[in-house]
Number of protein chains: 2
Amino acid sequence: MNLVLPVREAPARARKIAPAADPSGRIIAGDCIEEMRKLPAKSIDLIFADPPYNLQLGGDLFRPEGGRVDAVDDAWDRFDSLAAYDRFTRAWLTEARRVLKDDGAIWVIGSYHNIYKVGAALQDLDYWILNDIVWRKSNPMPNFRGTRFTNAHETLLWCAKSQDAKYTFNYQAMKALNDDLQMRSDWVLPICSGSERLKDGLGHKAHPTQKPESLLYRVLLACTKPGDVVLDPFFGTGTTGAVAKRLGRQWIGIEREPAYRQAAAERIAATLPLDESAMETIPDKRSQPRVAFGLLVENGMVPAGTVLVDAKRRWKAAVRADGSLSCGPHAGSIHKVGAGLNKAPSCNGWTFWHVEKRGRLVPLDALRQEHLAGLA
Amino acid sequence: MNLVLPVREAPARARKIAPAADPSGRIIAGDCIEEMRKLPAKSIDLIFADPPYNLQLGGDLFRPEGGRVDAVDDAWDRFDSLAAYDRFTRAWLTEARRVLKDDGAIWVIGSYHNIYKVGAALQDLDYWILNDIVWRKSNPMPNFRGTRFTNAHETLLWCAKSQDAKYTFNYQAMKALNDDLQMRSDWVLPICSGSERLKDGLGHKAHPTQKPESLLYRVLLACTKPGDVVLDPFFGTGTTGAVAKRLGRQWIGIEREPAYRQAAAERIAATLPLDESAMETIPDKRSQPRVAFGLLVENGMVPAGTVLVDAKRRWKAAVRADGSLSCGPHAGSIHKVGAGLNKAPSCNGWTFWHVEKRGRLVPLDALRQEHLAGLA
DNA sequence: GTGGAAGCTGAATCCCCTT
DNA sequence: AAAGGGGATTCAGCTTCCA
């Protein structure tokens, strides 16, 4: 397979370095359960695992504009039954436990399709859950049919080997990474796209579920020390290896698919250690969070039934349970109804609509600021 | 226990109203497994459950299954507790499944201590997960010892009774509540505090894990219709009942602790339902009556011979006497011709095709709405 | 070169009634 | 019961192309 590497890297130089000779780590070819059996017991400091999710997708899914969704339909994600997935999960988690040092830790990422089975198995195998972490995607795929909530997050489980294990947690590093606030259990990070996303020679994505380096960066920075050995039993295109190398950690990747191994080897060979650019890619989201008007309805600041008026009291509109307004024939969001009444293409409902308080008109925007102040 | 109610309520008046006489719902005293057994099968539209998960304090909860916790040593105790918690979870989820209508749904909230066991049990019992929702707390308790990430979220599981069930989801209402964007699976809501938090006579919180009404508001608005019956088998101080009453839903709460029942009864008695008009939400198009395009041709709204165009005026099509379109080689319904021209598998002809009126393009959908309004 | 419009894409358990 | 067809449905970020 001829791989096109990201622009910032140097393919020619990368190919000259034999992947197996990378001093910081190695890629093992084969099934992770069998290959973990060959590793010495209690030799690994941290395991990061991104196992198949067992998505169980149905037929084709089309976007509203007509395009077809490029679904994950690879053979490696198909299992005969829920019970078969359970057996697979417990088998690899058992081997993972054997190779893990007593004070080591494991991270597993998944979605609602599999993470509950994984979590239950971890607990049954006497792992001790330290946190569940929510990766909130800033740019998830929408729900095209309007049938459910946008599936906008994935879940990571962080476990020690036992309740009393002395696991590694670089608290101050995490706090520093988060503008001197304690790092929370919900992480907002974009999905892997753009130049970071590995492509094959035809411009198709090299792996259907490549994880962003920012995610691994945070995990490895939080839970390992320089020189620690990180094992990824579902290596894929080697995000774990690339970030481990960059951060000066040792790494071992296990992968069955030759094409993924090849992509990972070239990628990691072209990665330079101690490059702090990944640090910069983690967004410091200090901008004000967006507030939906519906939130003020839910939390009782502007209860359903409230009557809103414009600044000149020309229009009145009633707030409904879902945060929409109704005013004669007009119904919809604060912005849409304002635009409809004004016969304008758009309208800022936050400044257009007011609540009457003790004889004075208070714009919705003031209530929004009040709400934001309450959160701070 | 003498409970002090929130400021906005009127204790004296509340006590005069016999709780059992609330027309919108009732509180059942007792263990939820036993009491659910007495409810008729397939009678409940929605279950919201906030089960206990503190294994240390909850030992006697597991008596219905007969297993008594015998703390020989820590390891045995923990194993026995985990297994007992599993049995307890599967027991109440089984009864819940029995009382649920085939097209009903269940929500369960939990933290990493129990939600993985709950999720695995739900899947084993053939519930079908629709989403996992992350309640991202805007003001969580910090991790004082600096040993883990701040545990800043809880998880809710939303499941249908089977894979092919026709569950209720008010997509448009959720979109309205979120400023005209699809509602995502991560919800940012503050924890229950301030005047909303019920206190006992000594100023202590009446219940250790009282949920915010905003959380229930969103769940019930998304997944029920007015008049639906909502069951909460772990009623506590009745947040589910209060919000159900406010939104015009019927409710049933099951609670073992007399003090919680008393607090819930007083709280709900003092809650007023919303005005009917305020309870309205943006309707889903799917629930509106069908209009055949031919009807608009028959009644002269879009006479045969009218030329339709798409929004970008790239295509033109003539309306024929039977309401079909013809456009070059394409002929058929407004949808079929639109799909053919777009080379798409399908197309919504109502929004694709437009009529020119005084230089402006009016989508057929607007004419359909006009027609429907004329009938009303 | 630059700015804007238009197109493409991401771990997705994605419709429902009539014949 | 399977098939056919009406018709409901998308957000953010990056890339490409054209003016």
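**Salt bridges and the chain contact**

Mentor: Helix H3 of chain B holds both Glu95(B) and Arg98(B), three residues apart, about one turn of the helix. An α-helix has 3.6 residues a turn, so residues three or four places apart point the same way. The model is a predicted one, and in it the side chains of Glu95(B) and Arg98(B) form a salt bridge with an N to O distance of 3.3 Å. Elsewhere, salt bridges that share partners join Asp86(A), Arg90(A), Lys117(A), Asp124(A), Asp86(B), Arg90(B), Lys117(B) and Asp124(B) into one network.

Two bridges involving Lys117(A) can be described in detail. Within chain A, Asp86(A) and Lys117(A) meet through their side chains at 3.3 Å, N to O. This pair links distant parts of the chain, with Asp86(A) in helix H3 (residues 82-99) and Lys117(A) in helix H4 (residues 115-124) of chain A, 31 residues apart. Asp86(A) and Lys117(A) are both buried. The side chain of Lys117(A) also meets that of Asp124(B) in a salt bridge, at 2.6 Å, N to O.

Across the interface of chain B and chain A the rule finds seven salt bridges, and there are 38 residue pairs in polar contact, both at pLDDT 80 or more. On chain B, the elements that each supply at least two residues of the side touching chain A include helix H3 (74-99), helix H4 (115-124), strand S5 (128-137) and strand S6 (153-160). S5(B) gives the most to that side, with nine residues. By residue type, the side of chain B that touches chain A divides into 39 nonpolar, 18 polar and 14 charged.

The contact takes 71 residues from chain B and 76 residues from chain A. About 6300 Å² is buried between the two chains, and carbon and sulfur atoms give 51% of this area. In chain B, the residues that lose the most area to chain A are Tyr116(B), Arg148(B) and Phe149(B), together 14% of what that side buries.

Over all chains, the count by this rule comes to 45 salt bridges. One of them joins the side chains of Glu356(A) and Arg313(A), at 2.7 Å, N to O. Glu356(A) lies in strand S13 (residues 353-357) of chain A and Arg313(A) in the loop between strand S9 (307-310) and strand S10 (316-319), so this pair ties together parts that are 43 residues apart in sequence. Glu356(A) counts as partly exposed because its relative accessibility is 43%. Arg313(A) also counts as partly exposed, at 44%.

At a base, an N or O atom in the side chain of Ser346(B) is 2.9 Å from a base nitrogen of DNA strand D. The surface near DNA strand D divides into nine nonpolar, ten polar and eight charged residues. H5(B) provides the largest share of this surface, three residues.

Notes:
Residues numbered from 1 in each chain as written. Chains lettered and ligands numbered in written order. Predicted model: local features only at pLDDT ≥ 70, side-chain atom pairs only at ≥ 80, totals over all residues. Heavy atoms only, no water. Polar contact = N/O pair within 3.5 Å; in protein donor to acceptor, adjacent residues only side chain to side chain. Helix = DSSP H or I, 4+ residues; strand = E, 2+ residues; numbered from the N terminus. Nonpolar A, V, L, I, M, F, W, Y, C, P; charged D, E, K, R; others polar. Contact = heavy atoms within 4.5 Å. Buried area = accessible area lost by both parts, 1.4 Å probe. Salt bridge = Lys/Arg side-chain N within 4 Å of Asp/Glu carboxyl O. Buried < 20%, exposed > 50% of the residue type's maximum accessible area, 1.4 Å probe, protein only.
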